Amino acid sequence: MNKEQQERRKKSPVQIRNKKASFEYFFVDTFTAGIVLTGTEIKSIRAGKASLVDSYCYINKGEMWVQGMNISPYFYGSYANHEAKRPRKLLLTRKEIRNLEAESKTPGYTIIPTLIFIDENGRAKVDIALARGKKEYDKRQTLKEKEDRREMDRARKHY
């Protein structure tokens with residue numbers, strides 16, 4: 001991901017992050033995927049009513065799916081409202097899916113969604129990451145680094 005793509009993501013009106021994922025996993029590789037949604041789902045995402053907690057991706061018959069992503073039913077939706085936690089298809093190239101499938105078969109690796117955002121064309125996109133689980137001591141180290149950064153920022157702000 002280059003700087004231009006990062007700048008576009010920061011300008012996105014909607015950014016739904018999986019904060020727990022960066023604490024639980026080391027990100028090895030990241031990809032951006034489109035997501036197949038219904039009309040009420042995209043409206044809920046634009047309203048910020050989605051969550052990536054406890055969601056994961058899997059590959060079934062050469063297609064990438066995300067399971068456990070919660071998109072709340074649209075408030076103004078009628079009888080055609082969507083199911084909140086249904087599996088949703090992700091749009092990636094065949095080459096990317098084959099690479100992810102081969103790498104995720106390694107023990108300790110998984111594929112998790114890290115961010116939902118709206119691109120400049122108004123489409124919902126999902127950043128997914130090939131991730132390796134952290135051990136307990138890695139998590140402690142992450143917390144210590146975060147605390148040290150906060151202290152340095154406070155000291156800089158104070159003086």
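Biologist: How many helices and strands does the chain have?

Modeller: The chain has 5 helices and 9 strands. Helices (H or I, at least four residues) and strands (E, at least two) are DSSP runs, numbered from the N terminus. In sequence order, the pattern reads α-β-α-β-α-β-β-β-β-β-α-β-β-α. Before we go on: this is a predicted model, where local features need pLDDT of at least 70 and side-chain atom pairs count only at pLDDT 80 or more, while totals for chains, interfaces and linings use all residues. Residues are numbered from 1 along each chain as its sequence is written, and side-chain values use heavy atoms, with hydrogens and water left out.

Biologist: What does the C-alpha trace span along its principal axes?

Modeller: About 55 × 40 × 30 Å. Of the chain's 159 residues, 31% count as buried.

Biologist: What makes Glu41 and Arg86 a salt bridge?

Modeller: The rule asks for a side-chain nitrogen of Lys or Arg within 4 Å of a carboxyl oxygen of Asp or Glu. For Glu41 and Arg86 the closest N and O atoms are 2.8 Å apart, and they form a salt bridge. This pair links distant parts of the chain, with Glu41 in helix α3 (residues 39–46) and Arg86 in the loop between β6 (70–71) and β7 (88–91), 45 residues apart. Arg86 has a relative accessible area of 21%, so Arg86 is partly exposed.

Biologist: And how do you know that Glu41 forms a salt bridge with Arg88?

Modeller: Their closest N and O atoms are 2.9 Å apart, and that makes a salt bridge. Here Glu41 in helix α3 is linked to Arg88 in strand β7, 47 residues apart. Arg88 has a relative accessible area of 0%, so Arg88 is buried. Salt bridges that share partners join Glu41, Arg86 and Arg88 into one network.

Biologist: How many salt bridges does the count come to?

Modeller: The count comes to 6 salt bridges. One of them joins the side chains of Asp54 and Lys20, at 3.6 Å from N to O. Asp54 lies in the loop between β3 (50–51) and β4 (56–60) and Lys20 in helix α2 (residues 19–24), so this pair ties together parts that are 34 residues apart in sequence. Asp54 comes out at 58%, so Asp54 is exposed, while Lys20, at 43%, is partly exposed.

Biologist: Why is the pair of Tyr56 and Tyr58 called tilted?

Modeller: Rings of Phe, Tyr and Trp (its six-membered ring) pair if their centres lie within 6.5 Å; planes under 30 degrees apart count as stacked, over 60 as edge-to-face and the rest as tilted. A search of the whole structure finds 1 aromatic pair. The ring centres of Tyr56 and Tyr58 are 6.3 Å apart and their planes are at 45°, so the pair is tilted. Tyr56, at 40% relative accessibility, counts as partly exposed, and so does Tyr58, at 28%.

Biologist: Last one: how exposed is Glu147?

Modeller: Glu147 has 48% relative accessibility, so Glu147 counts as partly exposed. Glu147 is placed in helix α5 (residues 136–158).

Technical notes:
Buried < 20%, exposed > 50% of the residue type's maximum accessible area, 1.4 Å probe, protein only.
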